[in-house]
Amino acid sequence: MRRPTRRHLTVATALVAATTAAVAVTTAAGAFDGKEQAKHAIQGGKAKNVILLIGDGMGDSEITLARDYSVGANGRLNMDKFPLTGAYTTYAVHADGTPDYVTDSAASGSGWATGVKTVNGRISKTPGADKPVRTLLELAQRNGYATGNVTTSELTDATPAVLASHATDRSCQGPADMAKCPADTIAAGGPGSIAEQEVAHKVDVLFGGGKQRFDQKVTDGRYKGLTVGQQAQRLGYQIVTDDASMKAAKPGRPVLGLFAPVNVPTEWTGRTAAVGGTDPQRCVTSNPNRPATTPSLADSATKAIQLLEAKQKANRSKQGFFLQIEGASIDKQDHAADPCGQIGETVAFDRAVKVARDYAAKHPDTLVVTTADHGHTSQIVPLEATPPGLSSTLITDEGQQLKVNYSTNTPGQSQEHTGTEVRIAAQGPQAYRVLGVTNQTDLFTTVREALRLR
Ligand SMILES: [Zn+2]
């Protein structure tokens, strides 16, 4: 028998199915009257604000690892507490539109940023003809919303880039990095590098790493000879470089926060996984290589929300803001088979989720979505297992041993993304749209409908 697809369900049937799914989630968490909570959580309407939280590479394994290690197997992270949870598929496409089952962060981010799937490596441009596609951030600006983009990677890395730039290849991060994007250069009549485009977009808040890209000199056009940072200042930006200057930034002008030369250093450290495993280890929860002046993702999120809210209040705008917050190095430490680095970044990301949920508790007209861009390599395996690749044994906060396996590539190579579906969880206006199994590109529609973007 052919099962009806989601598309064929009537709205009423979809809502009944949605309610059932939500009840299961809330009951499992044990904190709510599931039925009432689900009924209350399923609402349409317009959102004043959207906070979109992306755990890069944060598949179910990465979430479970962070939960087991930090709050215990029966504990709950902040990201586990959303009333509505679904799953979405993350595949990319080839240039001819056929599926490429394992996505990178550029293609997956382009999926929710534009509603159009593209090829791996591309930033918010079409897979075949390489044409720019309008992004959620661009639409939000056009509709009068304040906008913010916060990350722990370089600001020019793929996930922040997809909102405020269009590039043939994700590597084209600064004016000196344009080898793979000949058509995007200013000399060729294009919009320039990702860094140049981000500041040209006048995004109200840009917080992350990647100062090295903004120290590069613009090679053509009206800002020729200036660094991208100087270009930003010409465009009205205030530049902040550490926790204190970030917290001191006043609303009224856009803020560019550059907190590290490359990626923001991880919160935790420990031994990387090894062939044959490691001795049982506890993670070091203060990385000696992370300067004390580096803002946490949660503090960056808090400041971003304050600045965006203040801008809209000063403008007496009825529209609120659209803010993306990325925990980028969950992915990067997964690639490096570094379980402590990875878990520490997931825990830090989860604190930013709490910031967003606390804000939404006081401002229920805020849609909060937490999801990932793709799955990743780490797997929890039995202690008796002897995986052929890299593994490490951790001692969790609840005193138990936990074995993590990284075997999506040959030891010594970067461990790889996986093609699995990932979790998407939400609360607020239009949050029910994440229920069931959806496609990553549906997230574009969810945000567009919530903010009534035209
Ligand atoms: Zn990655």
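## The second largest cavity

Strand β11 (residues 366–372) gives the largest share of the lining of the second largest cavity, with 3 residues. Please keep in mind that the model is a predicted one.

## The largest cavity

How many cavities of 30 Å³ or more are there? The count comes to 2, and the largest cavity has a volume of about 100 Å³.

Around the largest cavity there are 16 lining residues, and Thr152, Val264, Pro295, Ser296 and Leu297 lie nearest its centre. At least two lining residues come from each of β5 (146–154), β6 (205–209), α11 (297–314) and α13 (339–362). By class, the lining of the largest cavity holds 7 nonpolar, 6 polar and 3 charged residues.

## Where α3 meets α13

Helix α13, one of the elements that line the largest cavity, also meets helix α3 (residues 60–70): their axes come within 9 Å and cross at roughly 90°. An angle from 65 to 115 degrees counts as roughly perpendicular, so α3 and α13 are roughly perpendicular to each other.

On the α3 side, the contact is made by Glu62, Leu65, Ala66, Tyr69 and Ser70, while α13 brings in Gln342, Ile343, Thr346 and Val347. The class tally for this contact is 5 nonpolar, 3 polar and 1 charged residues.

Terms used
Residues are numbered from 1 along each chain as its sequence is written. This is a predicted model: local features need pLDDT of at least 70, side-chain atom pairs count only at pLDDT 80 or more; totals for chains, interfaces and linings use all residues. Side-chain values use heavy atoms; hydrogens and water are left out. On a 1 Å grid over the protein atoms alone, a cavity is a set of points where a 1.4 Å probe fits but cannot get out, and a pocket is an open set with protein on both sides within 12 Å along at least five of seven lines; lining residues have an atom within 4 Å of a point. Grid points are joined across faces, edges and corners, and a volume is the space filled by probe spheres set on the points. Helices (H or I, at least four residues) and strands (E, at least two) are DSSP runs, numbered from the N terminus. Ala, Val, Leu, Ile, Met, Phe, Trp, Tyr, Cys and Pro count as nonpolar, Asp, Glu, Lys and Arg as charged, and the others, Gly among them, as polar. Axes are lines fitted to C-alpha atoms, for helices over the stretch in contact, and angles run from 0 to 180 degrees between N-to-C directions. Angles under 35 degrees count as roughly parallel, over 145 as roughly antiparallel, 65 to 115 as roughly perpendicular and the rest as oblique. Contact means heavy atoms within 4.5 Å.
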